Structure formats: C-alpha cells, structure tokens
Amino acid sequence: MTEIIYGHKLAAKFKTEIKRETDRLCFMHKRMPCLAVIMVGDHPASLSYIRAKEKACKEVGILSRTYVLDKAISQQELEEVISACNEEEEIDGILLQLPLPSMLDEEHALAVIDPRKDVDGLHSENIARLYLKKPGFIPCTPSGIMALLEYMHCDLDGRHAVVLGRSRLVGTPVSRLLLNANATVTICHSHTSNLSVLTRQADVLIAAVGKANYVTADMVKEGVFVVDVGVNRLADGHLCGDVDFAHVKEKAAAITVVPGGVGPMTIVMLLKNTLQAYQERTGC
Ligand code: NAP
C-alpha cells in the first residue's frame, strides 16, 4: 500500500517544536529570533515566497524583516545592505532571495553574508562544512527532503538513490546529504544518457528538474521511495510536480504530493536554521 506523504503535516509538527523553543528562549533572552529577508526587484513569484516565509515566521515566534530593494540597485549598494544586516546585533539569520537580476553577481553577494547568519546555507563556508560533514547551515530544500525521507521510514544505508538535477540549490546538496547518509548516489542532469535505465534502478528517487510529469511509471521500479521537488505551473493554472503522480504512485512505496510536499518543508527548515543561528549566537 503506497504511503502518500503530505509535507505540510510534517511541517506542522516541526513548527510546533520550533514555537515551543522560541517561546522558551524568548523568555530567557527577552528577544525573539529575527530573520532578515533581502529581495531585489518585485518579481511576483519571489514576493509570494517572501510573504509565505513572513507568515511562517510569525506562526513560530520569529521576527521577520523584509528589505525590498530597487531592481536597479548596484552591487555595492546591495552588499552594503547585507553588511548592515551582518552588523545588526538583533538579526540572527539573513536570506538573500534568489535569483537576483542578471546584472548583479549572486556569488559575490552570497559571499558577503556572515556564515554564522547564512540560514540558506549557500555561503561557501557552509557548503564546505556540508562536504566535510561538519556542523553548519544546510540548504533548506535539501534538508526538507531528508526530513521527508526519514518521515517515510526510508532507510538510506546501502540504498541506491538517484537524483534528477544537479542545481546548487537542490540536486547537488541533496546528493551530498544522501551520500553522507550512506546511500549510493547517482546524479542525473540534462546530459545524462539512458536516464530511464538509471531511474529504474533507484530505491530512492529525488526529482528536481522542473519539468511537468517528467518521471513516468515506466521509469521507476516497484517499491521506490519518491520525493518530487518540482513545482510546475500547467496551462490551466494548476501546479504539478516533476513526477506523474497518478501513475507512479501505483508502484511507489511512498511518494510526496505537489503542492504541499517539499514546499512547506523548505520553509520550515528556514525557520529551523534561523532558530539554530539564534541559539548559536546567544550560546544556548
Ligand atoms: P534548476 O536550477 O533549473 O536545475 C534543474 C536541473 O535539472 C539541472 O541540473 C538540469 O541539468 C536538470 N535537468 C534539466 N532537464 C533535465 C532532463 N531532461 N533530464 C535530467 N535532468 C534535467 O532547478 P532547481 O532550482 O534545482 O529546481 C528544480 C525544480 O524544483 C523546479 O521545478 C523548482 O521550481 C523546484 N523547487 C522547489 C522547491 C520547493 O521548495 N518546493 C525548492 C527549490 C526548487 P543541467 O545541470 O545539465 O542543466
């Protein structure tokens, strides 16, 4: 019997735990944890992500400060805003909403974030920590995926995990987390040949390509654990994942839904990282 996994249910459990901890710490330190979100321009999708993050922060007792910067801002001005957030004692976490407009240098801007406040886990120091298996901030979507696999009771040790996609935000870091959990990992991308031969070998399949219903039932084996990261808008306005859910679910041991699967877990991991930053900065 296939287990259908609703990320928002797991996210709600995490939020309850985070709220309990923020209440306790706030009572001790007389201040709430604080997340600064920096956005350049007014892209509607980015704005709606930011609103969702603000709402989630409020639910768990984390303050959020949103900086919406003019899309014509210079690299230097952007980095001055980031530096000011680094210096601000009351700010625990900094999130730079990506993508930035093309004339800005994302790498350079991310490098300015204080690694101790880098709750998105994209600073090179935190990336290195992930690769060295040292404590640090792990990017939110990959850690949400790992929490979902645990929730599915998917034992990764010795299993073959196939990851579709190798992006900096999702595919590459989740591959490393799977490897750290002793899975044998195959990473596929747009140049991979015989992709379905590889996906059919997967005990665990992570789909993060951004193509609607790309993974079909003939591409998976019976009993596979599937995490569908993709979010694709169809012509009729509905959202769907990268996996043909209706048919793949007939073969899977467990499969996440879209929407309401990985998305809520991504946000909750941002809250968790912000709480972690606060705890590390306040020493408790
Ligand atoms: P991305 O940066 O566009 O990366 C897509 C990856 O898929 C690339 O590595 C690309 O390969 C690979 N790819 C493209 N076509 C492929 C094909 N035919 N076969 C195999 N691999 C292929 O996207 P992303 O940021 O990783 O996001 C992926 C999806 O997840 C998107 O739908 C995005 O909206 C969604 N997402 C959801 C959340 C959430 O919280 N729910 C968070 C982040 C992303 P190359 O490297 O060769 O180009």
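Colleague: Let's start with Met-265. Leaving aside its neighbours within four places in sequence, which residues is Met-265 in contact with?

Modeller: Contact here means heavy atoms within 4.5 Å. Once the neighbours within four places are set aside, Met-265 is in contact with Gly-7, Leu-10, Ala-11, Phe-14, Cys-140, Gly-144, Ala-147 and Leu-148. Before we go on, keep in mind that this is a predicted model, where local features need pLDDT of at least 70 and side-chain atom pairs count only at pLDDT 80 or more, while totals for chains, interfaces and linings use all residues. Residues are numbered from 1 along each chain as its sequence is written, and side-chain values use heavy atoms, with hydrogens and water left out.

Colleague: How many residues does the largest nonpolar core have?

Modeller: A nonpolar core is a set of buried Ala, Val, Leu, Ile, Met, Phe, Trp, Tyr and Cys residues joined through side-chain atoms within 4.5 Å. Buried means under 20% relative accessible area, exposed means over 50%, and partly exposed is in between (1.4 Å probe, protein chains only). The largest core here has 51 residues, and Met-265 is among those with the most contacts inside it, along with Ile-145, Leu-149, Leu-178 and Ile-206. Helix 10 gives the most to this core, with 10 residues. There's also a second, separate core of 20 residues, which includes Leu-96, Leu-104, Leu-110 and Leu-122.

Colleague: You said helix 10. How do you number helices and strands?

Modeller: They are DSSP runs, numbered from the N terminus: helices are H or I with at least four residues, strands are E with at least two. Helix 10 covers residues 262–282, and the largest share of the shell around the ligand, three residues, comes from helix 10 too.

Colleague: Then let's look at the ligand. How many residues surround the ligand?

Modeller: A residue is near a molecule if one of its heavy atoms lies within 4 Å of it. The ligand is surrounded by 21 residues, and the closest are Arg-166, Ser-167, Ser-190, Tyr-214 and Thr-266. The shell splits into eight nonpolar, 11 polar and two charged residues. For that count, Ala, Val, Leu, Ile, Met, Phe, Trp, Tyr, Cys and Pro are nonpolar, Asp, Glu, Lys and Arg are charged, and the others, Gly among them, are polar.

Colleague: What about backbone atoms beside the ligand?

Modeller: A backbone N or O atom of Val-231 lies 3.0 Å from a ligand oxygen atom. For His-189, a backbone N or O atom is 3.5 Å from a ligand nitrogen atom, and Gly-263 also has one 3.5 Å from a ligand nitrogen. The protein covers 70% of the 930 Å² of accessible area that the ligand has on its own (Shrake-Rupley method, 1.4 Å probe).

Colleague: Is Arg-166 buried, partly exposed or exposed?

Modeller: Arg-166 counts as partly exposed because its relative accessible area is 44%. You'll find Arg-166 in the loop between strand 5 (160–164) and helix 7 (171–180). Arg-166 and Ser-190 are 24 residues apart in sequence, yet 9.2 Å apart in space, C-alpha to C-alpha.

Colleague: Next, backbone angles. What should I look for?

Modeller: Most residues other than glycine have a negative phi, and most peptide bonds are trans. Now look at Asn-182, which has a positive phi of about 70° although it is not a glycine. Asn-182 is in the loop between helix 7 and strand 6 (184–188). Asn-194 has a positive phi as well, near 50°, and is in the loop between strand 6 and helix 8 (195–199).

Colleague: Which residues does a cis peptide bond join, with omega about 0°?

Modeller: Leu-98 and Pro-99. Pro-99 is in the loop between strand 4 (93–96) and helix 4 (106–112). Another cis bond joins Val-258 and Pro-259, with omega about -5°, and Pro-259 lies in the loop between strand 11 (254–256) and helix 10.

Colleague: Last one: is Arg-31 buried or exposed?

Modeller: Buried, because its relative accessible area is 16%. Arg-31 is in the loop between helix 1 (7–29) and strand 2 (34–40). A polar contact of 2.8 Å joins the side chains of Arg-31 and Asp-92. That term means a pair of N or O atoms within 3.5 Å; within protein, one must be able to donate a hydrogen and the other to accept it, and residues adjacent in sequence count only if both atoms are side-chain atoms.
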